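Take a look at the model below.

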Amino acid sequence: MTTILTYPFKNLPAASKWALRFSIRPLSCSSQLRAAPAVQTKTKKTLAKPNIRNVVVVDGVRTPFLLSGTSYKDLMPHDLARAALTGLLHRTSVPKEVVDYIIFGTVIQEVKTSNVAREAALGAGFSDKTPAHTVTMACISANQAMTTGVGLIASGQCDVIVAGGVELMSDIPIRHSRKMRKLMLDLNKAKSMGQRLSLISKFRFNFLAPELPAVAEFSTNETMGHSADRLAAAFAVSRLEQDEYALRSHSLAKKAQDEGLLSDVVPFKVPGKDTVTKDNGIRPSSLEQMAKLKPAFIKPYGTVTAANSSFLTDGASAVLIMAEEKALAMGYKPKAYLRDFMYVSQDPKDQLLLGPTYATPKVLEKAGLTINDIDAFEFHEAFSGQILANFKAMDSDWFAENYMSRKTKVGLPPLEKFNNWGGSLSLGHPFGATGCRLVMAAANRLRKEGGQYGLVAACAAGGQGHAMIVEAYPK
């Protein structure tokens with residue numbers, strides 16, 4: 001199979017077969033900056049399945065998502081996770097003793113609290129008899145936490161699950177070099193002064209060079225931003241298109257924030273500081289200002305910049321998931337059903353960020369739906385170029401046939417239904433927490449806009465991806 005990312009950006013002429021193959025009308029966002037009006041759709045079939053328990057999301061919350069290095073910089077991850085759990089308890093008034101299990105997702109783990117779900121649960125006042133574990137699956141870690149909970153409920157193992165995620169990029173673990181670590185461990189084992197002096201004599205100043213974590217693939221050693229730039233080039237996504245899409249995301253997020261639509265955000269009193277009440281990364285700019293930025297990864301020819309990329313973010317999220325009969329027995333009115341979901345994996349080098357393209361048709365077919373049945377799309381925005389490349393792949397019969405073994409294309413999500421309250425580019429992307437934000441955005445949008453089905457999708461490091469159908473709970 002011919003690779004889709006064989007050519008570096010600077011060698012890709014505008015008239016190349018890729019530019020011709022994937023050239024679609026330029027994205028014009030000016031008409032999309034307004035949130036779509038509420039549309040009362042006709043009630044469609046429900047996705048309930050015989051002999052399988054219905055799983056519902058009662059409600060969900062998140063701390064404000066903040067740029068790393070700002071108000072959360074002196075905290076630890078479990079502090080944010082605890083705040084999300086406490087906020088969920090206050091929002092839902094669920095008795096702590098009713099919760100059967102707690103699952104959290106995270107990506108860059110704090111070594112002192114490797115099972116951050118357990119530490120946060122204890123800190124939030126949950127019983128020490130309530131089990132908790134932590135999962136990691138890159139940017140879909142919270143998705144994995146939720147679907148693990150869905151499985152536990154559907155199988156009858158549990159009735160009430162709290163799932164969530166957390167990330168604190170303000171204080172990532174920085175390690176000594178491997179040589180320095182080995183030297184310190186050997187020194188700790190040395191039994192005599194002679195052994196210690198012998199080991200110390202082997203020390204070199206370059207041992208002190210630290211190992212910094214990077215948003216890069218272990219298998220390819222390529223940063224995600226570099227991969228996103230190559231993907232945008234392969235699908236002939238221009239710099240202007242990427243900047244337009246980023247401006248759309250920030251403008252819609254600002255509008256949603258001003259109108260109070262981001263109801264999942266709960267205030268958080270930062271110890272020793274003021275109470276944080278809203279996301280601080282929403283910054284609508286202008287195409288002229290965005291055009292002044294230099295490429296961030298592939299220089300000087302790249303198109304991915306700081307303005308059309310998601311930023312390093314601190315934040316946490318949590319959702320209350322229940323068996324439907326349990327929720328009703330406790331007097332809750334759920335917000336949505338969590339229906340079919342799908343995980344996919346592709347080549348981590350050339351298709352790292354195409355998870356939504358591969359996962360979307362599979363979950364739609366599993367649910368017996370088409371893309372036209374979806375009323376609210378909530379896709380994770382790692383980069384503008386990633387979103388637009390997925391759009392072009394989903395709208396291409398050629399790509400479907402040659403790379404997905406499909407006879408017809410997936411179909412293009414209508415922009416008027418897509419990320420209408422902003423996305424990760426503007427709201428922020430705490431790696432381990434975004435999945436819950438996506439699900440709650442879909443659920444809240446369905447209630448607000450009168451739709452029935454939402455589609456949540458996300459790409460993730462390792463060439464993986466996830467998609468889930470969210471069905472509005474009847475009013």
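In which sense do strand β3 and β5 pair, and over how many bridges? Strand β3 (residues 101-105) and β5 pair in the parallel sense, over five bridges.

## About the model

This is a predicted model, in which local features need pLDDT of at least 70, side-chain atom pairs count only at pLDDT 80 or more, and totals for chains, interfaces and linings use all residues. Residues are numbered from 1 along each chain as its sequence is written, and side-chain values use heavy atoms, with hydrogens and water left out.

Strands (E, at least two residues) are DSSP runs, numbered from the N terminus. Two strands pair if DSSP finds at least two bridges between them.

How many residues of strand β5 are buried? Eight of the eight (residues 160-167) are, so β5 is largely enclosed by the rest of the structure. Buried means under 20% relative accessible area, exposed over 50%, and partly exposed in between (1.4 Å probe, protein chains only). In a regular strand, side chains alternate between the two faces of the sheet. Both faces of β5 are covered. Val160, Val162, Gly164 and Val166 are buried on one side. Ile161, Ala163, Gly165 and Glu167 are buried on the other.

## Aromatic pairs

Rings of Phe, Tyr and Trp (its six-membered ring) pair if their centres lie within 6.5 Å; planes under 30 degrees apart count as stacked, over 60 as edge-to-face and the rest as tilted. The count comes to 13 aromatic pairs. One is phenylalanine 203 with phenylalanine 205: the ring centres are 5.8 Å apart and the planes at 70 degrees, so the pair is edge-to-face. Phenylalanine 203 is partly exposed, at 27% relative accessibility. Phenylalanine 205 is exposed, at 71%.

Phenylalanine 377 and phenylalanine 379 have ring centres 6.2 Å apart and planes at 70 degrees, so this pair is edge-to-face. Phenylalanine 377 is buried at 0% relative accessibility, and phenylalanine 379 is buried at 1%. Elsewhere, ring pairs link Phe235, Tyr358, Trp398, Phe399 and Tyr403 into a cluster.

## Charges over rings

A charge sits over a ring if NZ of Lys or CZ of Arg is within 6 Å of the ring centre and within 35 degrees of the ring normal. The charged end of arginine 62 sits over the ring of phenylalanine 65, 4.4 Å from its centre. Lysine 366 has its charged end over the ring of phenylalanine 341, 5.7 Å from the centre.

How values were computed. Helices (H or I, at least four residues) and strands (E, at least two) are DSSP runs, numbered from the N terminus.
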